[in-house]
Amino acid sequence: MTNPLLETTGLPAFSRIRPEQIEPAIDTCLADCRAEIARLTREVSVPTWETFVEPLDEVDDRLNRVWSPVGHLNGVLNSDALRAAYNACLPKLSDYGTEVGQNEELFRGYQAVAAQEHLNPAQRKLLENVLRDFHLSGVDLPTDKKARFKSIRQELSQLTTKYSENLLDATNAWSKRIEDEAELAGLPDSALALARQNAEHRGQDGWLFTLDLPSYMPVMTYADNRDLRFELYEAFGTRASDQGPHAGQWDNGEIMERILDLRHELAQLLGFATYAQRSLATKMARSPKDVLDFLHDLAQHSVGQARRELAELEAFAREQHGVDRLEPWDIGYYSEKLRLHRYRISQEELRPYFPISRVLSGLFGVVERLFGVRIQEVTGLETYHADVRFFEIRDSESGTLRGQFYLDPYARQNKRGGAWMDVCTNRMHTSRCDQIPVAYLVCNFTPPVGGKPSLLTHHEVETLFHEFGHGLHHMLTTVDYPGVAGINGVPWDAVELPSQFLENWCWERDSLDLFAAHWETGVPIPEDLYQRMIAAKNFQSAMQMVRQLEFALFDFRLHLEYDPAKGGRVYEILEQVRDEVAVVRPPAFHRFAHGFSHIFAGGYAAGYYSYKWAEVLSADAFSLFEENGVFDSETGRSFRETILEKGGSEDAMTLYVRFRGREPTTDALLRHSGIAA
């Protein structure tokens, strides 16, 4: 029987993939890759783009197509057998990646191609990136240091996966069943219905709460029961740590220390003083000073206002609700009370106007008007879960197929939390291959409950727009070379530009009119409600700003100041950062870093600042639409052609200036956030 993972034409055959097929498929694919590299370096005496780069792109793409559905299923349908197979492959893939990055014959072949004339700009950018990445993979190192580099890469791959697994297991292990509805006063019907459904799915009575965000956040925002809020706050804030209800069971503490130590050693092997400097080798920011100055500048504008916002909240809680001391598990609850008191609006009041089906059609309508494309669902295709839908994007005028995507919207057991976009296949065009880009778009919204459709909060609407922005960056590329097509090759601190940019249309009346209508009556969101929503847009925006600055400064300093003699000093550095920018201080038992998967298991190590860096770009870019009209087709076409279609094929700042006519400033971000410049 053929292995479905090795059938790398068309879409993944999810229903036929079995855990026991994964390792043999990877072994076969890696052997084929090694054989092709050996052939090319042995037989191609004069490397050219067609004879050397294209065949390497093709074998690399085949490996990506084999591994992509495995990594995706591990995130969205995790099981013990799948996890074991996934983990068995990680060291093999890490070894191969290091082996390729340190192959001197391969490096010389790419150098020979890069020295040739008649290359187009995208080809030159790809080769520039490839040669840079060879250096960052240790191609210049002596043999003994190459071996050490390889060992570090392999161990880091295993450690970051273990960190993520610990967090998932700790999240899944905790639940709270409540039998007395009186304990749930204040919770909206949507949260109660989900908790009832959670209990029924486990064959239990009453209401069951978990640490998945659709279950956790309503408790922290609406539950009158302060003890219940504290219990969930403690469980969530101590996941995978030495504290809390599962203290020590999935503790990420030693893993974090080892990750930081290995990253530092790896950076020094490559000639960088710190991992922070190694991180910036592939980003727009040029130096650690650039990053720290940027973050401190935003803090200087925000901290004073954030303190005033917290003081207002404390006064409100004291005067209106008799609360002498606000604790961290009270912040969300009383903030929602204050928002309701001041603006007469809540996320729950907005939820009926955002049924997911209408939001999707509105999102597609916005994108179609802006970028000249048409999006439609394709039915009858195999997916990996009943909730998953499949869509395609075509050019409005020519009908040309531009890309396809899977949409997996709802939270469920054994699915990683959060929201993300990932690559299924890349765009690639060679003499032997013509491949369109395909994306995975994953969210964790509340599923349909009790006969009602899934109703999103406005924040969740923003999340959907955000991830679709990433998807458009991937799917609308016109670059034929995978290494710089779509999101590939885009500096990490610029990759959030399209996603954050698209969020702006969640606030415009013209775009909301395309989809914001009551799920039962079809009545559009009333003007009075819309005006209250806009008035509340920047509620506590400075508090939100400094919270993100806290994460970004903590991450960057953690990697910039690491000293092997002192260890990671994880919580020491975090407390120093909080002294500088935080206005809400968690209790001593809180273990934020143990669950900070963005930097310990994702791609954001010494790069979390990228969210704010790209937010400056996105706000500044949107200000051009504010000047020309939010649905101005010429401006939309310009954004598509200069940003979305170009991917990583040119310098990110060059592309941005081509679109905007100048370099970005922080003015628009501060204005959009309601923070005085």
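## Terms and basis

In this report, a contact means that heavy atoms of two residues lie within 4.5 Å. The model is predicted, so local features are given only at pLDDT of at least 70 and side-chain atom pairs only at pLDDT 80 or more, while totals for chains, interfaces and linings use all residues. Residues are numbered from 1 along each chain as its sequence is written, and side-chain values use heavy atoms, with hydrogens and water left out.

## The overall fold

The protein contains 26 helices and nine strands, where helices (H or I, at least four residues) and strands (E, at least two) are DSSP runs numbered from the N terminus. Its C-alpha atoms fill a box of roughly 80 × 60 × 55 Å along the principal axes.

Among contacts between residues at least 6 apart in sequence, 73% join residues that are at least 24 apart.

## Asp-434 and its surroundings

Asp-434 belongs to strand β8, residues 434-435, and because its relative accessible area is 64%, it counts as exposed. Leaving aside residues up to four places away in sequence, Asp-434 touches Met-428 and His-429. The side chains of Asp-434 and His-429 also form a polar contact of 3.3 Å, that is, a pair of N or O atoms within 3.5 Å, where within protein one must be able to donate a hydrogen and the other to accept it, and residues adjacent in sequence count only if both atoms are side-chain atoms.

## A buried histidine

His-466 sits in helix α16, residues 458-475, and is buried because its relative accessibility is 11%. When residues up to four places away in sequence are not counted, His-466 touches Glu-496, Ser-499, Gln-500 and Glu-503.

## Two loop residues with positive phi

Ala-240 lies in the loop between α9 (226-237) and α10 (253-269), and its phi is near 55 degrees, a positive value in a residue other than glycine. With a relative accessible area of 3%, Ala-240 is buried.

Asn-414, in the loop between β5 (401-410) and β6 (420-425), has a positive phi near 65 degrees. Asn-414 is partly exposed, as its relative accessible area is 34%.

Note on methods: Buried < 20%, exposed > 50% of the residue type's maximum accessible area, 1.4 Å probe, protein only.
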